[in-house]
Amino acid sequence: MRKKRNLLNRLDDGPVICAEGFLFEIEKRGYMASGEFVPMVSLDHPEVLENLHKEFQHAGSDIVQAFTYNGHREKMKVIGKEELLEPLNRSALQIAKKVAENNDDGEPNLMAGNISNSNIWKQGDKNSQLEVEKMFNEMVGWAVDEGADMLIGETFYYAEEAYMALKVMKQTKLPSVITIAPYGQNIMRDNISIVDTCKELEQQGGDVVGMNCHRGPNTMMPYLKEIRKILKCHMAGLPINFRTTEKSPTFFNLPDHNGCTHHTPHTTTFPTALDPMQCNRYEIKHFAEEAYAIGINYLGVCCGANPMLIREVAEAVGLKVPASKYRENMENHYMYGKNKRIPEHIKAYGDKA
Ligand SMILES: [Zn+2]
């Protein structure tokens, strides 16, 4: 068996890439209801999930994150399928493990168990907090059982819920990544600042602390820079692939000023009509370069991610990945290429095409 470094060894050696954003990508592929967002795919179409993991692996993801986002007890109660909770989690973990262990391109990947925002956490309410703790405990237990190499707690918008997630993850002694996703008021919902939340997560022993989801590069980077100045631990940055702005710092209230002719039946462009506000690959590349330059080693893309963008992130930090074989090559384009065989009259028409 090939040698496999743990997460912290890898981060000490250089960049580590992690693909997130499974919810949006699986929905786009037609295997999940938007809005409801339950990852039934691990039971209903395991081959689809396995293949998406493989595509991200091909694009350079070092981590295969089990798709258990929203696969928690509360959500399963909402859809009346609580009895499928454990099978769903175990299936997602087993699929991730299988892909992680079978990396044709070299060192096996790391399989990550995943917990995230419960959406029932309530500030000052011990009952809801206890329930969340139980949800985290059972999911982390299944992850350890299925051979997770590390754990990821992500998309927390309550600081104290993130602290709880970290506490539960740390009990396992596995390396733990903890990332927060503050909403548009630029503060955690329990009124703790973004920077203070990250400071506390480092204090409480987070191996990797940072931000994921909700914010695109434009509105995540300023906070990452601030946090990086203060934290000594490894840091994570995984933005969404959308052009958020100072006025609309998250994708929840992002307006479409791109000549939209058919609005969504609900009030927001989120989550079904965000397409025109996507970042292009060069914007994502720029984000990754900038983040890496200030010392953020754990990088990826959250909602809106696709394998091509993960390749951009990997290449931005100097990695060559299997998918690099197919990176853009405009040289041979039939009209804009410079290849000798391309006829002059075709080349000359480019600006009128
Ligand atoms: Zn996301």
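1. Start with a helix pair. Helix 7 (residues 126-145) packs against helix 8 (residues 159-170) at an angle of about 35 degrees, and their axes are 10 Å apart. The model is a predicted one. The crossing of these two helices is right-handed. On the helix 7 side, the contact uses Gln 129, Val 132, Glu 133, Phe 136, Asn 137 and Val 140. Helix 8 answers with Glu 161, Met 164, Ala 165, Val 168 and Met 169. By class, that contact has seven nonpolar, two polar and two charged residues.

2. Now the core. The largest nonpolar core holds 105 residues. Ala 165, already met in the contact with helix 7, is among those with the most contacts inside this core. Ala 112, Ala 162, Tyr 298, Ile 310 and Val 313 are also on that list. In soluble globular proteins, nonpolar side chains tend to be buried together.

3. What does Ala 162 touch, leaving aside residues up to four places away in sequence? Its partners are Gly 153, Phe 156, Ile 178, Ile 180, Thr 197 and Leu 201.

4. The axes of helix 11 (residues 281-293) and helix 12 (residues 307-316) come within 8 Å and cross at roughly 35 degrees. This crossing is right-handed. Helix 11 contributes Arg 281, Ile 284, Lys 285, Ala 288, Glu 289 and Tyr 292. They meet Met 308, Leu 309, Glu 312, Val 313 and Ala 316 in helix 12. The contact has seven nonpolar and four charged residues, and no polar ones.

5. Check the geometry of helix 4 (residues 46-58). Its 13 residues, at 1.5 Å each, should span 18 Å; the end C-alpha atoms are 18 Å apart, so the two agree. Buried positions in helix 4 are Leu 49, Leu 52, His 53, Phe 56, Gln 57 and His 58. The cover over them includes strand 1 (16-19), helix 2 (22-28), helix 3 (41-44), strand 2 (63-65), helix 6 (85-101) and helix 12. After helix 4 comes Gly 60, with a positive phi near 115 degrees.

6. Finally, a loop residue. Thr 269 sits in the loop between strand 7 (234-238) and helix 11. Is Thr 269 buried or exposed? It is buried, because 22 other C-beta atoms lie within 10 Å, and the cut-off is 20 or more. Thr 269 touches Leu 254, Pro 255, Asp 256, Thr 264 and Leu 274, with residues up to four places away in sequence not counted. Asn 253 is 16 residues from Thr 269 along the chain, and their C-alpha atoms are separated by 7.2 Å.

Conventions
Residues are numbered from 1 along each chain as its sequence is written. This is a predicted model: local features need pLDDT of at least 70, side-chain atom pairs count only at pLDDT 80 or more; totals for chains, interfaces and linings use all residues. A nonpolar core is a set of buried Ala, Val, Leu, Ile, Met, Phe, Trp, Tyr and Cys residues joined through C-beta atoms within 7 Å. A residue is buried if 20 or more other C-beta atoms lie within 10 Å of its own, exposed if 12 or fewer, and partly exposed in between; C-beta atoms are placed from the backbone. Two residues are in contact if their C-beta atoms, placed from the backbone, lie within 7 Å. Axes are lines fitted to C-alpha atoms, for helices over the stretch in contact, and angles run from 0 to 180 degrees between N-to-C directions. Helices (H or I, at least four residues) and strands (E, at least two) are DSSP runs, numbered from the N terminus. A crossing is left-handed if the near helix is turned anticlockwise from the far one by less than a right angle, and right-handed if clockwise. Ala, Val, Leu, Ile, Met, Phe, Trp, Tyr, Cys and Pro count as nonpolar, Asp, Glu, Lys and Arg as charged, and the others, Gly among them, as polar. The expected span of a helix is 1.5 Å times one less than its number of residues.
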